[in-house]
Amino acid sequence: MKNHLIILLLAVSVFGFGQNKVQYKNLAWRVIDTKHLSLYYYQDQAALPEISGRWLEESYEQLAKDFSFTPRDKIPCIIYGHPAQFSQTNIVGELLPEGVGGFTTHIKNRVVVPFDGSYNELRHVLHHELTHGFQNAILFSQPGSSLFAGGDLEIPLWFAEGSAEFLSSGWDGEADMFLMDAAIYGSIPKPGPMLGGYMAYKGGQSFLFFLSESRGAGLFGRFLTQFRISRNIERACKDVYGKNLDELGEEWQQELKRIYWPETGRRELPADVATPLTDHVKSKAFYNLRPRIAPDGKKIAFFSDLKDYTHIFIAGRKGKIVADISSAGTTGHFESFHPFRSGLCWSPHSDRLAFVAEHQGRDEIKIYSLAKKRVVKTIRTPLLEISSPDWSPDGNELVFCGIAADAADLYLYNLQNGALTRLTHDVQSESDPRFSPSGKTIVFAATDSCGLPQRFIRRPVSNLYLYNRAEGTVQTLTQSAWNVKSPCFS
């Protein structure tokens with residue numbers, strides 16, 4: 001799940017901003033003025049601005065009903081074509097960490113969102129950030145209000161992010177899994193200062209979903225209206241629900257226990273059925289991601305922040321680290337490994353590793369030799385972003401996902417002659433391609449990106465497809481009501 005930020009930079013107007021960010025391409029900005037928004041975009045984005053503008057207007061109309069409020073001024077929205085260019089933005093002076101999927105500024109109330117290849121995610125993030133735009137307009141654009149005022153104008157983080165998630169998504173499987181894990185293996189604070197970090201997003205979303213489900217959507221609408229009038233969450237809760245936040249929080253915590261605690265008896269502990277290779281508690285690593293087993297079965301490569309910056313580690317079958325390729329953020333060769341959205345793959349002989357690294361604002365594929373302990377080949381393409389590489393069984397090709405202009409599709413790269421071939425060309429968001437053992441077909445996951453608005457409607461799901469290389473055709477493998485993703489062949 002991506003993070004979304006509300007950024008407040010008080011020093012920006014005094015000291016200027018963005019002067020220390022490296023930018024690799026001059027962008028020719030244009031603007032589309034819609035009924036309620038000013039949409040800024042740049043060259044080579046194809047249909048992306050038009051699609052974004054239409055979805056933003058739909059979200060605007062829905063949020064105006066939710067809050068019973070229409071902002072006085074047009075909300076500026078800035079669309080970046082991919083995350084690498086988004087990270088170079090001068091709209092804020094701060095360096096944006098990996099995984100930030102959008103932000104909204106208090107000053108000038110600007111919504112800023114990158115396209116990561118998924119229209120499904122784009123629609124969600126646009127609605128999420130536009131919710132922050134409405135919150136800012138409610139708090140700061142009314143007569144007598146001030147950006148620097150305190151007291152009643154302080155909006156809790158759990159409500160800011162929780163309402164942005166709930167109003168853009170309703171309730172969804174990822175939030176459900178996160179809350180289940182926290183309820184069974186950890187603790188969930190009541191709505192308040194302790195409900196912070198990522199829990200502010202998912203916990204806030206869950207609490208507001210609880211209020212809507214237990215008291216009714218009509219009363220929840222009154223709650224949002226009362227917040228708009230009073231600009232105070234505690235007062236709005238008391239006025240509409242007749243209870244304070246602490247009392248409502250106790251009810252919510254009890255409901256989470258009722259829903260999730262029975263799951264404890266139905267589930268097996270991972271350590272009872274598998275061998276742990278990492279221990280984040282002992283190592284103090286925050287994440288160990290996207291493992292790939294080498295074809296010889298003796299080595300496993302994965303991303304980790306074990307040494308503060310993201311590294312690619314290679315471990316033996318019992319988890320002992322045998323190689324450390326590099327660290328993103330400490331060398332000019334690897335600006336970022338994109339551990340949350342990229343991936344890596346082994347050569348058929350288990351002697352080389354291919355992974356994606358950002359360099360000078362663009363994604364490249366690096367091929368690393370374990371014997372030589374260095375990168376032996378760099379693959380540059382015209383694509384804006386690359387993810388999920390996989391190596392063909394004969395060792396001659398790589399398949400991966402790539403973003404060009406306004407679409408994310410599958411691409412095939414020939415390691416012998418450097419030819420790049422586009423395999424799919426549609427509005428679906430493809431991910432995780434894998435060669436079959438024969439190399440004649442490629443299985444991948446894809447999500448339909450052109451469905452209805454997400455809120456209170458089942459979000460588009462991911463299914464599996466099989467690409468036949470000889471015929472150039474795609475066969476549907478699954479038609480599930482749930483997400484089916486991350487395939488691999490035996």
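Which residue is the bridge partner of Leu37 in β4? The partner is Ile75, and this pair is a handy place to start a walk through the model. What you have here is a predicted model, where local features need pLDDT of at least 70, side-chain atom pairs count only at pLDDT 80 or more, and totals for chains, interfaces and linings use all residues. Residues are numbered from 1 along each chain as its sequence is written, and side-chain values use heavy atoms, with hydrogens and water left out.

A quick word on names: helices (H or I, at least four residues) and strands (E, at least two) are DSSP runs, numbered from the N terminus. Two strands count as paired if DSSP finds at least two bridges between them. Strands of a sheet pair through backbone hydrogen bonds, either parallel or antiparallel.

Back to that starting pair. β3 and β4 run in the parallel sense, paired over four bridges. On to β2 (residues 30-33), which pairs with β3 (residues 37-41) in the antiparallel sense, also over four bridges. A hairpin of three residues links β2 to β3, and Ile32 sits opposite Leu39 in β3.

Now look at β4 itself (residues 75-80). Six of its six residues are buried, so the strand is largely enclosed by the rest of the structure; buried means under 20% relative accessible area, exposed over 50%, and partly exposed in between (1.4 Å probe, protein chains only). Ile75, Cys77 and Ile79 point one way, while Pro76, Ile78 and Tyr80 point the other.

Cys77 has a relative accessible area of 1%. Cys488, in contrast, is exposed at 65% relative accessibility. If you're wondering about disulfides (a pair of cysteine sulfur atoms within 2.5 Å), the structure holds zero.

Further along the chain comes a pocket. On a 1 Å grid over the protein atoms alone, a pocket is an open set of points with protein on both sides within 12 Å along at least five of seven lines, and lining residues have an atom within 4 Å of a point. The second largest pocket has about 440 Å³ of space, a volume being the space filled by probe spheres set on the points. α11 (270-273), α12 (280-283) and β7 (288-293) each give at least two residues to its lining. Among the lining residues are Pro270, Asp279, His280, Phe286 and Asn288. By class, the lining has eight nonpolar, three polar and one charged residues. In the loop between α11 and α12 you'll find Leu277, which is partly exposed at 32% relative accessible area. Its C-alpha atom is separated by 4.2 Å from that of Gly319, 42 residues apart along the chain.

β16 (residues 397-404) and β17 (residues 407-414) pair over eight bridges, with Ala404 opposite Ala407 in β17.

Technical notes. On a 1 Å grid over the protein atoms alone, a cavity is a set of points where a 1.4 Å probe fits but cannot get out, and a pocket is an open set with protein on both sides within 12 Å along at least five of seven lines; lining residues have an atom within 4 Å of a point. Ala, Val, Leu, Ile, Met, Phe, Trp, Tyr, Cys and Pro count as nonpolar, Asp, Glu, Lys and Arg as charged, and the others, Gly among them, as polar.
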